[in-house]
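Open the structure in your viewer and keep the sequence panel beside it. Each stop below says what to select and what is there.

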Amino acid sequence: MSNEKWYMKSNVGHKEKRTCCGCGACAGICPKSCIQMNIDREGFSYPSVDESLCIECGLCIKTCPWEHNEKKVPRHAYALKDVQYKSSSGGAFYVIASHLITKGYIVYGAAYSEDFSKIIHIRINQCSELPLLRGSKYVQSSLSESFNEIRSLLEAGERVLFSGTGCQVAALKSF
């Protein structure tokens, strides 16, 4: 097996967990669905590959935000005076999302699953749904299904606001 093939299959391009943010972009882009995000004993998701299904297309590596310096986590920061006291992180997202929804944007953000067992990224397009995305979650969210949805929306000319961690934003951009 060549070094590149080993590299792709060993933790989907990551030699160690510390070089993986667990964003799930690799699982979302895989045309054979051979990459699964598995939760480790500390509760974080990491990719694993079913080598019997892998066709070695390399899309997982091309999509990974940690594989290319130009796709690293964005280094921009913004501040907004706390205008939404129901928000745990200042309310900037709530205000921006409210405005963009009225302009026709579709919004993706982290919410609790219906049974509160995990954090998932969901799609909303009404201001009345924004409370679902409010509040800090402090755990890793699952969004690999969202990548394909967002790409399809953007390709169809829709406008999308995505809220996530820096590594999730970088993963979405490379996806």
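## A turn after a helix

Select G104, which comes just after helix α4 and takes a positive phi of about 95 degrees. Helices here are DSSP runs of H or I with at least four residues, strands are runs of E with at least two, and both are numbered from the N terminus. The model is a predicted one, in which local features need pLDDT of at least 70 and side-chain atom pairs count only at pLDDT 80 or more, while totals for chains, interfaces and linings use all residues. Residues are numbered from 1 along each chain as its sequence is written, and side-chain values use heavy atoms, with hydrogens and water left out.

## The whole chain

Show the protein chain as a cartoon. Six helices and five strands make up its secondary structure, and along the sequence they follow the pattern α-α-β-β-α-α-β-β-α-β-α. Of its 175 residues, 41% count as buried; buried means under 20% relative accessible area, exposed means over 50%, and partly exposed lies in between (1.4 Å probe, protein chains only). Among contacts in the chain with a separation of 6 or more, 56% are between residues 24 or more positions apart. A contact means heavy atoms within 4.5 Å.

## The sheet

Now select β3 (106–112), β4 (119–124) and β5 (160–162). An open sheet of three strands has the order β4-β3-β5, with mixed pairing. The edge strands are β4 and β5, each pairing on one side only. Two strands count as paired if DSSP finds at least two bridges between them. In general, strands of a sheet pair through backbone hydrogen bonds, either parallel or antiparallel.

Stay with β3 and β4. They run antiparallel and are joined by six bridges.

Next, select F116. F116 sits in the turn of the hairpin that β3 and β4 form, with six residues between the strands. Its phi is near 60 degrees, a positive value in a residue other than glycine. Is F116 buried or exposed? F116 is exposed, with a relative accessible area of 62%.

## Helices against the sheet

Select α4, residues 92–102. Its buried residues are Y94, A97, S98, L100 and I101. An α-helix has 3.6 residues a turn, so residues three or four places apart point the same way. The cover over the buried residues of α4 includes β3, β4 and β5.

Select A25, Y108, F147, I150 and F162, the residues with the most contacts inside the largest nonpolar core, which has 16 residues. The elements giving two or more residues to this core are α2 (25–29), β3, α5, β5 and α6 (166–174). A second, separate core of 11 residues includes Y94, I101, I124 and L161. A nonpolar core is a set of buried Ala, Val, Leu, Ile, Met, Phe, Trp, Tyr and Cys residues joined through side-chain atoms within 4.5 Å.

Centre on F147. Leaving aside neighbours within four places in sequence, F147 is in contact with C23, G24, A25, Q168, A171, L172 and F175.

Select T63, found in helix α3 (residues 59–63). T63 counts as buried, at 3% relative accessibility. Its side chain reaches the backbone oxygen of L59 at 2.8 Å. Beyond neighbours within four places in sequence, T63 is in contact with A25, I29, A171, S174 and F175.

Move to E56, in the loop between β2 (45–49) and α3. E56 has a positive phi of about 55 degrees although it is not a glycine. E56 is partly exposed, with a relative accessible area of 28%.

E129 is partly exposed, with a relative accessible area of 25%. A polar atom of its side chain lies 3.0 Å from the backbone nitrogen of N125. Then select V107 as well: E129 and V107 are 22 residues apart in sequence and 9.9 Å apart in space, C-alpha to C-alpha.

Definitions and conventions. A polar contact is a pair of N or O atoms within 3.5 Å; within protein, one must be able to donate a hydrogen and the other to accept it, and residues adjacent in sequence count only if both atoms are side-chain atoms.
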